[in-house]
Amino acid sequence: MYIGVLYSRIRRDEKLLLAELRERGHEIEKIDVRRERFSLDSTTANVGDLDLVVDRCLSTSRSLYATRFLASYGVTVVNAPETAEVCADKAKNSLALAEAGVPTPATEVAFTKEAAMEAIESFGYPCVLKPVVGSWGRLMAKIDSRNAAEAILEHKETLGHYEHKVFYVQEFVDKPGRDVRVVAVDGEPVAAMTRSSDHWLTNAAKGGETESFAVDDRARDLVERASEAVGGGLLGVDLMEVGGADSGEYTVHEVNHTVEFKALNEATDVDVPARVADWLERRAAAAASDDSAADDVDEVTI
Amino acid sequence: MTTETDPVLAEEPITGEEIELPADVEVGEIIDSPVTGTELEVISLDPVVLEEAPELEEDWGE
């Protein structure tokens, strides 16, 4: 296969995936999106002969636009731009999960600090304020008091980019000191881990300790439905256990579309890059099959 | 003659010192400078060129 990799920074995750794909004999086209241009019908990126492009952009905005342009040229891109659009925005992410009936933390969005304050007061303390775009636990606020809420809202309104004036307020879920990250391909779990910390933020990027997690039937069902809700693909589905670590009940707080997997690869016995490469091979084969069928239709039409 | 297991040598862009990179280094990869601790981006491999990596931006993540 001839596989394109959209990137702007090669993390350990991309190195693992590139090594796996090369080891299997696939030809790789690394596409640094910072160096390319995208017009309405073509691009300077060398995508013409690619069987598949996998989006590994570190920058969400670049991911959103680059995948959208490539898809418009008929290039098969994973994850699809529609999935990226939902996952890149926490409000859209929450809506998609709720619309699919997937349990997700109660959330309100408000556009002024006064309305946001009302939302915060209605949740009570503590509650959580998150940026709609962002990752790795950055700029997340656990709000313990009205005084803190007023200060954070004023700072966001005064200093923030316009997206910080979309106030995303969420109930505080009293998780058991950990959350669960499941990496899945089209809803099928590849591997899972817990991320534990004494801090309320347990992200691996924030130093949360990782440990392998056995996905039970309930979590498997939620991962499948959450994946479908955002359009499928290679995803990182984040769940919190509600009612204690052994309750078997979860709430899905987020689905990530350019998921990192180096921590998961180290925390579990699963060869995550190999499983991702397996999936990419299946997706490329399916895309080639679709193209072939389309060609047959064209020939009949002619 | 170099092989794939030979370390890659490069000039540290801030101090000008010669530093060693992993043999499997990739264009686009970020390396922590062993001299200054600064994050360096691998711009090219032939010749090997390093630059200070871009600062973290707000929309970076997964």
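How many residue pairs are in polar contact between chain B and chain A? I shall begin with that question and then turn to each chain.

The model before you is predicted, with local features requiring pLDDT of at least 70 and side-chain atom pairs counted only at pLDDT 80 or more, while totals for chains, interfaces and linings use all residues. Residues are numbered from 1 along each chain as its sequence is written, chains are lettered from A and ligands numbered from 1 in the order in which they are written, and side-chain values use heavy atoms, leaving out hydrogens and water.

To answer the question: between chain B and chain A there are 21 residue pairs in polar contact, both residues being at pLDDT 80 or more. A polar contact here is a pair of N or O atoms within 3.5 Å; within protein, one must be able to donate a hydrogen and the other to accept it, and residues adjacent in sequence count only if both atoms are side-chain atoms. On the side of chain B that touches chain A, strand β4 (residues 39-45) of chain B gives the largest share, three residues. By class, that side of chain B has seven nonpolar, two polar and nine charged residues. In this scheme Ala, Val, Leu, Ile, Met, Phe, Trp, Tyr, Cys and Pro are nonpolar, Asp, Glu, Lys and Arg are charged, and the others, Gly among them, are polar.

The contact (heavy atoms within 4.5 Å) involves 29 residues of chain A and 18 residues of chain B. Between them the two chains bury about 2,000 Å², 38% of it on carbon and sulfur atoms; buried area is the accessible area (1.4 Å probe) that two parts lose on being put together, summed over both. Seven salt bridges are counted between chain B and chain A, each a side-chain nitrogen of Lys or Arg within 4 Å of a carboxyl oxygen of Asp or Glu. One salt bridge joins Glu26(B) to Arg22(A), with the closest N and O atoms 2.3 Å apart.

I turn now to chain B. Its secondary structure comes to five strands and zero helices, where helices (H or I, at least four residues) and strands (E, at least two) are DSSP runs numbered from the N terminus. An open sheet of three strands in chain B has the order β3-β4-β5, with antiparallel pairing; two strands pair if DSSP finds at least two bridges between them. The edge strands are β3 (30-32) and β5 (48-52) of chain B, each pairing on one side only. Three bridges join β3(B) to β4(B), and Asp32(B) has Glu39(B) as its bridge partner in β4(B). In the loop between β4 and β5 of chain B lies Pro47(B), and the peptide bond from Asp46(B) to Pro47(B) is cis, with omega near 5 degrees.

In chain A, an open sheet of four strands has the order β5-β8-β6-β7, again with antiparallel pairing. Why is one side of β5 (107-110) and of β7 (141-143) of chain A left without a neighbour in the sheet? Both stand at the edges, each with a single partner strand, so one side of each has no neighbour there. Four bridges pair β5(A) with strand β8 (residues 167-171) of chain A, and Thr107(A) has Gln170(A) as its bridge partner in β8(A).

Lastly, Asn79(A) lies in the loop between β4 (77-78) and α3 (81-87) of chain A, and the peptide bond from Val78(A) to Asn79(A) is cis, with omega near -5 degrees.
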